[in-house]
Amino acid sequence: DVVFPAFLFIVGLSIPYAMNARREKGENTLQILKHIVQRSLALIIMGFMMVNLENINTSLTPISKPAWMFLMALSFVLIWNNYRPDKSKKTIPVWIFKVTGWLILLFLAVIYVGGEGLESKPLQPYWWGILGLIGWAYLLCSVFYLAAGGRIGILVIGTLLLIGLNINENTNFLGINVDLVVGASNHASVMIGVLVSSLFITLQSKSKKYFDVIIITLAVVFLLAGLLTRPEWGISKIRATPSWTLICAGISILAFELIRWITDIKGKVSWATFIKPAGSSTLTCYLIPYFYYALLTITAIYLPEFLRSGYIGIFKSILFGLLIIQIT
């Protein structure tokens, strides 16, 4: 229940650095906005297709679910892979890979049938999928940060506004439903990450001690607010309650501060080398299991039950996660 909001928090942490890096490359606001929209659409399209995979009607779709899954993941790689062709050699033009990917994706959309039994449903958003949720939240928070120009006061207002909208989703204290496409909790988690890294960027040139005090205080405030409101709203990921949002934000900030202390202050970074690909090629790492599970279902080669349950199953899952990272 903490993993997804923590990931959203990390998305927010990266936004100011990504924007500043593009500024340093000489990109103007319009170019950065174009990049934000392109990246958001990529995530939203991928999430949209993935959530429809969950609802595919296997009896009416012309190809099997594992085949649909494999081709879907393949199309994503072909379209959005970060191509770096060797200019000293004659290589296949990148556009051929991208066009092939789009044609595969179009084919999958055309043959898709959703629902159960004799039910026939077209492609539809449902809940947008994990990547779709990230895409919508990234879009709103990136555009807001771009407009705010990194000014802390405006970012604080934006964060409080999104937390307020999350509260409104559970209480309707405004008397109206404010729809942000996906829940305000997702946007709030990303914006809190944006605020934390913006504070760090602003204060590192003055005094990092102020940052530590402010950030730990912020984490404690979020934790206390979440725990104190728990009797009223409950801690629920499914309902995305404000208590859950705030507690997860507090946990994420403290985890960030701990890792920053280990890596930035103490200089201990080699311990994380073996999981680095999961951070540097996150989307690739996320997609690889879609190939694995598709092939696993097609070949019907499964480990014995005793290796897939209990404590041994948990240990096996950890090894599987490490294997995926190494493949990445």
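Analyst: Start with one pair. Glu257 and Arg260 form a salt bridge, with their closest N and O atoms 3.3 Å apart. Keep in mind that this is a predicted model.

User: How are Glu257 and Arg260 placed in helix α10?

Analyst: They are three residues apart in helix α10, so about one helical turn separates them.

User: Are Glu257 and Arg260 buried or exposed?

Analyst: Buried means under 20% relative accessible area. Glu257 has 12%, so it counts as buried. Arg260 is buried too, at 5%.

User: How many salt bridges does the structure hold?

Analyst: It holds five. One of them joins the side chains of Lys121 and Glu119, at 3.6 Å from N to O. Lys121 is partly exposed at 31%, and Glu119 is partly exposed at 37%. Another pairs Arg308 with Glu305 at 3.5 Å, N to O. Arg308 is partly exposed at 42%, whereas Glu305 is exposed at 52%.

User: Which residues do salt bridges with shared partners join into one network?

Analyst: Asp212, Glu257 and Arg260.

User: Where does Thr263 sit?

Analyst: Thr263 is in helix α10, which spans residues 242-265. Its relative accessible area is 19%; the cut-off for buried is under 20%, so Thr263 counts as buried.

User: What lies 2.7 Å from a polar atom of the Thr263 side chain?

Analyst: The backbone oxygen of Ile259. Beyond its neighbours within four places in sequence, Thr263 is in contact with Lys268, Val269 and Trp271.

Definitions and conventions
Residues are numbered from 1 along each chain as its sequence is written. This is a predicted model: local features need pLDDT of at least 70, side-chain atom pairs count only at pLDDT 80 or more; totals for chains, interfaces and linings use all residues. Side-chain values use heavy atoms; hydrogens and water are left out. Helices (H or I, at least four residues) and strands (E, at least two) are DSSP runs, numbered from the N terminus. Buried means under 20% relative accessible area, exposed over 50%, partly exposed in between (1.4 Å probe, protein chains only). A polar contact is a pair of N or O atoms within 3.5 Å; within protein, one must be able to donate a hydrogen and the other to accept it, and residues adjacent in sequence count only if both atoms are side-chain atoms. Contact means heavy atoms within 4.5 Å. A salt bridge is a side-chain nitrogen of Lys or Arg within 4 Å of a carboxyl oxygen of Asp or Glu.
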